[in-house]
Amino acid sequence: MNPEWNRRHFLYRSLVGAGGLALMDFLNTDLMAASTSPLAPKPPHHPARAKSCIFLTMLGGVAQMDTFDPKPALEKFDNTVLDWSNEKRTDQPDLYAKPRLILKSPWKFSKYGKSGMDVSELFPHLATCVDDMTFVKTITGENGNHPAATFLMNTGLVLPGRPSVGAWVGYGLGTENQNLPGFVVLPDYRALPFSGSQQWGAGFLPASYQGTMMQWKGDPINDLRPAGQLSPKDMQDQMALLREYNHAYLDGNFTNPDLQGRIDSYELAFRMQAEVPGVLNLAKENEATRKMYGLDSDTTRSFGTRCLMARQLVEKGTRFVQLYTPSQSWDSHTDIVKGHAKNAQEVDLPIAGLIQDLKQRNLLDSTLIVWMGEFGRTPDHPADLRDKAGRDHNTKAMTMFFAGGGSKPGVTVGATDELGWRAVDKVYRMRDVHATILHLMGLNDMRLMHYHAGRNMRLTDTGGVVIREAVA
Amino acid sequence: MRPIILVPVIVALGVASAAPEDPAFRDKIQPILQNNCAGCHSGPKAQAGLSVTNLAELLKGGKRGPAISPGQAGRSLIMQFVRGEKNPRMPIGGKALPESLIAELEAAIDSMKAVGETTVAGKDHASWVFSPPVAPKVPALRGASSIANPIDAFVLSKLEQQGFAPAPPASRRVLLRRVYFDLIGLPPTEAEARAFLEDPAANAYEKLVDRLLADHRYGERWARHWLDLVRFAESDGFAIDGERPTAWRYRDYVIRAFNNDKPYDVFVQEQLAGDEMQRKPAVRGGQIENEGILALGFLRMGPWERDANFDAQLRLDWLNEMTGTTTQAFLGLTVGCARCHDHKYDPIPQKDFYRMQAFFASTRIDERPMPFLESEGRLEMRQQVRRLEDELEVAQEQVKSVERQLQAKLKEGNSLQKALADKDSPLLTVGDRKRHKDATEQVQRLTLDLARYQPIAYSVNEVAPPAVMDIEPTFVLAGGERSAKGASVEPGFLERIVGKSEAAKIGYAGRYRSGRRQALAEWIASPANPLTARVMVNRIWQHHFGEGLVRTPSDFGMNGDRPSHPELLDWLATQFVEKKWSVKAMHRLMLTSNTYRQSTRHPEAKQIAESDPENRLLSRMNWIRVESEVLRDSILAISGGLNRQAGGPGMFFRVKDEVAQGFQMFKWYPSDEKAQLRRSIYAFQRRSLPMPLMEVFDAANMSESCSRRSVTTVAPQALTLLNGELTAVEAQRFAARVIELAGADPVQQINKAFALALLRPPTGAELERARTLYEGRRPEEALARLGTVLFNLNEFVYLE
């Protein structure tokens, strides 16, 4: 426990211990909150544009040239050879050792909105929201393997063990609603992300900042209800007795400030038992809203339900919500026509619903939506797979988008080469996305740090570059 | 937004003699300088002779004089330059620092404590850390305080200087609970408690300590501390997170090492060079078994990307990880920081990282055949294998038989495999599919299990003979990039310690062996090494007292904490060597000190806390929250559910179906109910699937070396401990046990429940309140509720 907390705890307890209950009234609530919870809201480094963030994770990697980054040249060069022999940094030498052919996009593009944004047929619903979205077409990665790239996207490093973006944001800002977790993860149970909870872990930060995985069937939080057959009276009696015994034990033991902190954590848990089921109550949403998120269709229900949960959480003050598609779902090495169509159908309507719903509730300005995968995909594929062609991993370019939360609506940042292979203009790295998220949430990525293993650690390590063109 | 009222407290901190390096500098100032100034003001060509890499350098200053005057921003040269009050304005040639940053810098310098302490501490620290410990004189005390051994003299002399008295001794009951949890991680049984509490001998406590040190559960408890440090896991991590079926043998090796009191120098050497050691390990009181091959598992414990695309990068990552963890675990230095550049704070040039790494250049991963040792239960292992092989054969027959039956059901020409693969095929019923699935899963389960009983060591080896002479050269890599090769280096020890940067002398280590790791191991496990003994005694101290004498146990460097009692640490380190690196001797020394036996309460606690809020002077015992493993094991012990089976392959706990199904790369088959009740150290350590209770209660994360667990208090812990399955099941078991032991009388039952859980009778008020639980409940229900409350009490999870 860091000394700062110890001192605060100590002060808090010594005031109470000195019989100074009246004195406590003079203290500001900030001190009180700070003495009890590491998740209490903390002031940002600079005024925040976004209060919350919803991170929509497209696991497997989306093909930019089939979704938001049209490349007419692919038509022209379709079925011709793309030469990799000059590539010094190939991510998967085995893959590129074989002859490869360029593949034109199976989908047509059109221009949408006042901003005239390009969107393919894969996203008919998102196409109606483009004036609220900001596309960055030039995100580059470091490693073309799923887990390493996913770690990079989540923690800024290709290796496991570091705190994730959501944990860093909680560390920097705390969270608004003390009755709910500050960082919620909503994975798809059909296939959990590689490395499981390490992807949303707190790393070297205190465990309080780790993501809490919520389920969308049954109870949303583990152990929210007793595992045994307990009546409400049983629970109340237990709680009352525990409270009494614990309070009696405080006497004379003020040298341990955590005793009080632990009593408080039980009170919070007790409140959560009451509050969480009410907050995450999809039944109370009206029919129109449910439809907006696609809860009425088997295809969209999983992602849609979680988008709706994300909105409910953000509404109640949760700081960071991260959604995942099933592990490797977008990973269309073969038969991209089928694979990408299926994945797009599952998320297109729910995400459009989320953007529109946040907007109509005046929450879009204060909620940053981030949409991205761990890398982009190649313009070509191995020649021997022509009849069931797909696209391979590509760390040289990926398209992502922001919406709301102080991002600049209706703009496109950066450009890729004529094949959509490499980012060429205004090239950004994963850590720049992190810096931008932090910036919009009121945090300076250089100042958000934690001392660990001999030095000050940061999400962006030696610093990222805020994608200014994407910031309103 | 620090509340104003806190300022006096912080300033008062400066009075404490063991001031750590100024936090204001480390957290606020240093990062600003690092980002804006270090480009020119660092390294051998630092402009104007000023280096901004650490406080000592800034206080020393460059050719214009000291750059910072702590507590006085106005007088600090650095402020005058960044403000442009002095020419040239800094950063030179660039934009001025933003006003907000200047203000921050100013405030931070103002908040630093006055000169004196930190300057001296900074300079002294390096010379202390990098010189071997010399036994200091045990201080003479002015007062009449009682001392049990020299530890007390060192602690009391510091307290005397401040005018403080130590806390009174803890009660026997408190001490009993403390030492049981500390040494074996479990509460005493009633009989064990009575044996101590009613022992009239003057040395009852010393006898107890000896008894516990001889108990095999001691190893199960203390091995966990070591496993945290060596990032022990039984799976690779990353995408596949593949199983390491025999990694448990390293875990058991560590348990045995603690139980047998393996000399720490041997313990270190075996883990680095168990295959090269010329010196036969001497094990006191036990048969001599060569466990070196198992011990080498240490070098394998890092994460491993099984499906990596770059073999060369994978190997480099492995070498880097190994170098970093070795130096952190054994030397308490963050040498890993020097992978990309010279260490920013410690005198460790980048070259040193690669010279250290070169000791591993001849090492390759290897699953080595290694027969089971007697101490591993050689016979039992063989029986298990035979049993599993038999069962597997039966299971395989069963699959064939099911398939034959199903095939018979299908009409001619229909492929069974196709019908099974197609979920919608009408040819098979739900029942058919289930039968087939059950049969094949049984085969899978047994195959997995069988692999865990193979006589294989998860280990390393030298590059294949006779290629030893072709060891790949090691290069300094600019920025740590594989492609950016600089000068090639030979294996060599840290320059700051040995005083010169030259190749290490590598002795003969046997045929086909490079001897490199042996050379490294001998250098580390040597009394002449300034860090090894200090770092280990500090770790032992940390686990007994809740905090180390150095509170950054894996960072003794400039950025680490300053020791609160440097003389005591040095005295302990020299004792450690003198007592032949016996860890148990260190336990005995620390546990029998009066310092350890103090109460957590102190009559003057409030006054003392004003100048020593973190109890660095040890005027009382620290409170310790039991770790996640101890918490779970204790609940099981108290309820009577604990399965004491020691050693062998780990147990697989139950996970929720939806979670288990979400993992596609591996199958997770829970062990049988009884096996699931084994101690937590025997829980299978899968990196992507930690036990939920461990995860929520701050267990080590298995990916990086963890020298000090955080202690957080969050609501999900309360939910888990109140509502979770462990509590639900064990509270009922507890209730049944209490009734069995206490009979039908509620008062007797409540007394018994308190005795089992807290080693004390309830107070009158507690008894009365507990009785209300019986209203409208059967006794077993009432006691299950009481058990749940007891498992959740502060008194239960904290050690006084």
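Asp298(A) belongs to helix α11 of chain A, which covers residues 298-315; helices (H or I, at least four residues) and strands (E, at least two) are DSSP runs, numbered from the N terminus. The model is predicted, so local features need pLDDT of at least 70 and side-chain atom pairs pLDDT 80 or more, whereas totals for chains, interfaces and linings use all residues. Residues are numbered from 1 along each chain as its sequence is written, and chains are lettered from A, ligands numbered from 1, in the order in which they are written.

Asp298(A) is exposed, because 8 other C-beta atoms lie within 10 Å; the cut-off for exposed is 12 or fewer such atoms, with C-beta atoms placed from the backbone.

Helix α11(A) lies across β1, β7 (183-186), β9 (320-324) and β10 of chain A, and runs at about 175° to β9(A). Such angles, from 0 to 180 degrees, are taken between N-to-C directions of lines fitted to C-alpha atoms, for helices over the stretch in contact.

These strands belong to an open sheet of eight, ordered β8-β7-β9-β1-β10-β14-β5-β15 (chain A), with mixed pairing. Two strands pair if DSSP finds at least two bridges between them. At the edges, β8 (212-213) and β15 (411-413) of chain A each pair on one side only. Strands β1 (residues 52-57) and β10 (residues 367-372) of chain A are parallel partners over six bridges, and Ile54(A) has Ile369(A) in β10(A) as its bridge partner.

Finally, the contact between chains involves 74 residues of chain A and 73 residues of chain B, where contact requires C-beta atoms, placed from the backbone, within 7 Å.

Key
Buried ≥ 20, exposed ≤ 12 C-beta atoms within 10 Å, placed from the backbone. Contact = placed C-beta atoms within 7 Å.
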